[in-house]
Amino acid sequence: MRNQSAEITKGIDWALVIAYIALVTIGIMSIFATSYRDEAVLNGFLSFKTDYSRQLYYFAICGVLAVFILLTDSKFFTATSNIFYFLGIVLLILVFPFHTDVKGTKSIIRFSGFQLQPAELCKVFVNLALAKYMSSLDLNFKKLKSQLFASSLIILPAILTILQSETGLALVYFSFFLVLYREGLPASVLVIGFAVALLVVLTLLLDQNLLALILTAIAVLFVYVSRREFKRNKGLFLVIVGIWALCVGIQRFAVPYFFSDVLKPYQVQRIYATVGKDFQVDESTLSDADLKKMEERKKAGNYNVKQSKIAIGSGGMFGKGLLKGTQTRYDFVPEQRTDFIFCTIGEGFGFFGSLILLGLYLFMLFRIVNIAERQRSAFARAYAYGVASVFFFHIFINIGMTLGIVPVIGIPLPFMSYGGTALITFTVLLFILIRLDADRQMILR
Amino acid sequence: MSVFNQSRQNVIRVLILVAFIILIIRLLFLQLSSSTYDLLALDNAVSKTIVYPDRGIIFDRKGRSILENTLTYDLMVLPNAVKNLDTAGLCRILNIHPKKFHDRLIGSIIKNGKFRPSVFESAIDTETFVQLQENIFRFEPGFYLQERPARSYPYKAAAHVLGYVGEVDSNILKRTNFYYQMGDYMGLSGLERYYESILMGKRGIRYQVKDNKNRIVGPYEKGVYDSVAVAGRNLNTYLDVELQVLAERLLKNKLGAIVAIEPKTGGILAMASGPTYDPNLLTGSFRKANFSYMLRDTARPLFNRAIKGQYAPGSTIKPMGALIALDEGVITPSFGYGCGGAYRGCNRPIACEHKNPAHAANLRLALANSCNSYFSHIYRMAVDNRQDRNTRLGYTRWKGYMNSFGMGVRLGLDLPSEDKGLITDTSFYNRLYNNSWNSCTNVFLGIGQGEMQATPLQMANLMCIIANKGYYYTPHFVKSIENEDDSDTLLNKFKIRHEVTKIPDTIYNIVQLGMQDVVDRGTAMGARIEGISIAGKTGTAENYGIINGRREKLKNHSWFVCFAPRENPTIAIAVIVENAGFGATWATPMASLMMEKYLKDTLSDTRWKEVERIEGTEIILPIVKMKRNRLDSLRKEKIKVQVKRATAVVDLPNNESDSKHTQQITALHIEAILKDEESIC
């Protein structure tokens, strides 16, 4: 018995566990701060009737799950990752016939009072499968074929998630490209991806013709600078012209087409709102339902961010104190317990408190990267980077969203946002990592 | 293979770090750079409610409250709680049309939102209140009654003195540097205005936290920023409310004023202006309608004639002429003047009522007989003084006396907007007569005519000077302020004794005796009261009005001034009745009744009959009545036409319920028209 318990705790990275417990505790406290309404505190925590009480119970469930994971042999994860991935995809597909409409999302299956959001859970499976693939013995990641295969592992569930109207969750999957980058995906892919994103943003910000002019000017500059190279490298000129044509094409045709025919108007609107512009749309071309949704989202989106900024901004240096934040206490910020939980810290504990929280998150991320780098097995390393990427994406997008610098895409803040599925998913992600790390002396191939 | 990509871990670390730095910079910007968000948050979540204190109560000299607080009720509506309402029932009680009901409900939602209560109907009248209170359970919780303090005048008297409160307007807001806030009530006239700072008390402010739907959830920061409302302080006045009521009864159906002052203190015992009005008309929901109606009445009931009515004093000024001459030393009490029925010292003779040569043989006789010649003469003697023989200097000195008596200047009593009457200075005559004038030019001043006007208050004050033998206190109403301390400076100026002559008491006695003769055997015999020696003086003021574009002489104003008892005066009175003819006819008996009521504390039955007689007599110039009637009929006609037009538009079939409907519409339209009129005013 003693032997076994020593076995469980051996090699566990306690710093990570402590950071985890601290964050969940801060989260429960924040939920408490927003929803406490003068009831008896102890009773409130145990009753399961309040949100903070439920979160506490979810935390308990997570604790049990964590122990189970720590008890599991780490070989189990490598062995079953493909099966889990397959299971995850099946679940994602099953959502389509069996989903329940909750608050406009089509991603939730509900049976006998229990809700399951496969898109959320699938992150774990994708991460495992990706790690498994990256650690295959016969993999040559320099080959385009394997790069494409790895990418498709990520993109498949992302597409299924987009089809369930969960753009935010789908975007999370793209954070796995960071893993691919670490494992050898050429940086140019990411750079090009980033460049395209920049181009899209600039398309929104600048006048079409002006942008075309700027692009042309850059192209001409390149041609001028490398004019002597052309003799040696005849293709270079064509490459420059080709890139220029592609950019202008994206900017003039692809983006407008994508916005008007692929994305929903309210999504476009939200993207526009983030870069600080109003989205002008020909309303006659829209269906009534779309128009209504757009109107609602516009109101809600702008209102959320405005109230969130007021809440955080009014926190000042040291904040108003726990339970004293007027904005977060009285429901001024919608979705406060879930997506906008950061407001509570911002208002209640000010810049100082926010800094400590951000520090905690930063510590956690760096710790995970360090852990990743000390792994002997490629599986564990890839998995660890997957965890870091997912957490990083969630943290940056979520807090950026409450601060008004990122579009409002409803994704939770890891460990803090209210919600059972999210908390369990993040816990499972983290504790599998801790388990793998504990066994880092073993070679897992 | 992974070995080759070792360096990439640092790229990832840098990426994470940069992202966090971006977040921190943004946080810095939001939280530390400006206080905008602080204010926005406060505005979002904290509501400031003003707690109105009770206004102070005003008591009369015997401790009876003459202006106090009462509760009126507002019908409040909480729009989001209005469910399954018996709309028809509520409309019936409130006597409004369902359409209007709907409009008001929408209006209150627009104004205050669905989740906060709004006033649905303010200051509900008693009858409606009783009906509502019985039935309110049927309309709850969407509708409920809320009490609101209002002013009430239990004696329905002293409207001009007490004044009224009203909502502040933007002018007042600016003038008071935004001390008041929109929706505040403040004293707009009378004592309510003058003692506003005492009566208003201190507003309390309650900070409450509200939620995202504007609902109040509780006190902000446990109420540490709240301030408690402090009730206004009470005022004790010199007013005798019974005397005041009597004065108002006597002035019924007349234009005029009565002022009674306690000479020893300057305390005003009664101040009435006719016609007056029930001050309760200017509280509650019909304030504006009543106000505009009275504002346009040609008899001007809102006009306080006691301090704003300016009349030639006529013979009532003669005792003062005597005082000036005595103080200047130009005459002694034994000085006599041989009057043969007219004063012939100047180009034009001035007629005198008496012809027997001895009627002005000395000062006392001259006063008793009100000899025009005598007082014209001593006026000229005073002005053409022995020292410099310079009329201008002499006149300036004479004017100085008059001013020190309170004539031609504002006495400064504790009511706003007092008028100062008229005593001209030399430049007026210089201009008018091109610098060539002498004491003959304005000799009429000696008998209270010409370029001289006085308010009834000033005349009563003159009586105080004679009663006190040479001094007066500025007339005022308020005796003391509740919990008065050194910071209350409002009453200080009423404690200053104004010495105005250096004449010895013995000579004053002669002036007083002359005035007593007026009552005992002269023109004012109607003022006599058994067992009380009264000193008085009648007066008849000529006056002119413009009728149909022509200046015409109107019937004389009737003056009487007096004080009693002569030996130890406790009351001084001035009475004027406009266009009532000779002073003795109306003013004298009125003053007599006032004195008797005050000095004996009661009136006998026969005297009450006299009161009723005077009360029932109407003395109003036909021209005033004519104009007033025309205005009334115009108003009625206008309403009739409007109602006709309204009912013509609403084409209704003939059955009972619809005729009710028509009535309602008629009522609505009359209401609308009244509103129109308000806006015109």
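Two strands count as paired if DSSP finds at least two bridges between them. Helices here are DSSP runs of H or I with at least four residues, strands are E runs of at least two, and both are numbered from the N terminus.

A word on where this comes from: it is a predicted model, in which local features need pLDDT of at least 70 and side-chain atom pairs count only at pLDDT 80 or more, while totals for chains, interfaces and linings use all residues. Residues are numbered from 1 along each chain as its sequence is written, and chains are lettered from A, with ligands numbered from 1, in the order in which they are written.

Let's meet the two chains. Chain A has 19 helices and three strands, whereas chain B comes to 23 helices and 22 strands. I call a residue buried if 20 or more other C-beta atoms lie within 10 Å of its own, exposed if 12 or fewer, and partly exposed in between, with the C-beta atoms placed from the backbone. On that count, 40% of the 445 residues in chain A are buried, and 36% of the 681 in chain B. A contact means C-beta atoms, again placed from the backbone, within 7 Å. Taking contacts in chain B between residues at least 6 apart in sequence, 71% join residues at least 24 apart; in chain A the corresponding figure is 72%.

So where do the chains meet? On the B side, 29 residues are in contact with 38 residues of chain A. Helix H1 (8–32) and helix H2 (36–45) of chain B each supply at least two residues to that side, and H1(B) gives the most, with 15. By type, the B side divides into 18 nonpolar, six polar and five charged residues.

Please find the open, five-stranded one in chain B with the order E12-E11-E22-E21-E20 and antiparallel pairing. Its edge strands are E12 (267–274) and E20 (535–547) of chain B, each pairing on one side only. On average, neighbouring strands are turned by 10° against each other, direction ignored. At one end, seven bridges join E11 (256–262) of chain B to E12(B), running antiparallel, and B:Ile258 has B:Ala272 in E12(B) as its bridge partner. Helix H10 (241–250) of chain B packs on the sheet, touching E11 and E12 of chain B, and its direction makes about 25° with that of E12(B). Axes here are lines fitted to C-alpha atoms, for helices over the stretch in contact, and angles run from 0 to 180 degrees between N-to-C directions.

B:Ala535 stands opposite B:Phe563 in E21(B). These two strands form a hairpin with two residues between them, and B:Asn548 in the turn has a positive phi of about 50°.

Which residues touch the most other members of the largest nonpolar core? There are 128 residues in that core, and the ones in question are B:Ile258, B:Val259, B:Ala260, B:Ala460, B:Met463, B:Ile573 and B:Met594. A nonpolar core is a set of buried Ala, Val, Leu, Ile, Met, Phe, Trp, Tyr and Cys residues joined through C-beta atoms within 7 Å. Helix H18 (456–468) of chain B contributes the largest share, nine residues. Beyond its neighbours within four places in sequence, B:Met463 is in contact with B:Val561, B:Cys562, B:Phe563, B:Ala572, B:Ile573 and B:Ala574. A second, separate core of 108 residues includes A:Leu92, A:Val126, A:Phe342 and A:Ile368.

Last stop, some backbone details in chain B. The peptide bond from B:Gly274 to B:Pro275 is cis, with omega near -5°, and B:Pro275 sits in the loop between E12 and helix H11 (287–295) of chain B. Another cis bond runs from B:Ala564 to B:Pro565, with omega near -15°; B:Pro565 is in the loop between E21 and strand E22 (571–577) of chain B. Finally, B:Asn434 has a positive phi near 55°, and this residue counts as exposed because 8 other C-beta atoms lie within 10 Å. Thanks, everyone!

Definitions and conventions
Contact = placed C-beta atoms within 7 Å. Nonpolar A, V, L, I, M, F, W, Y, C, P; charged D, E, K, R; others polar.
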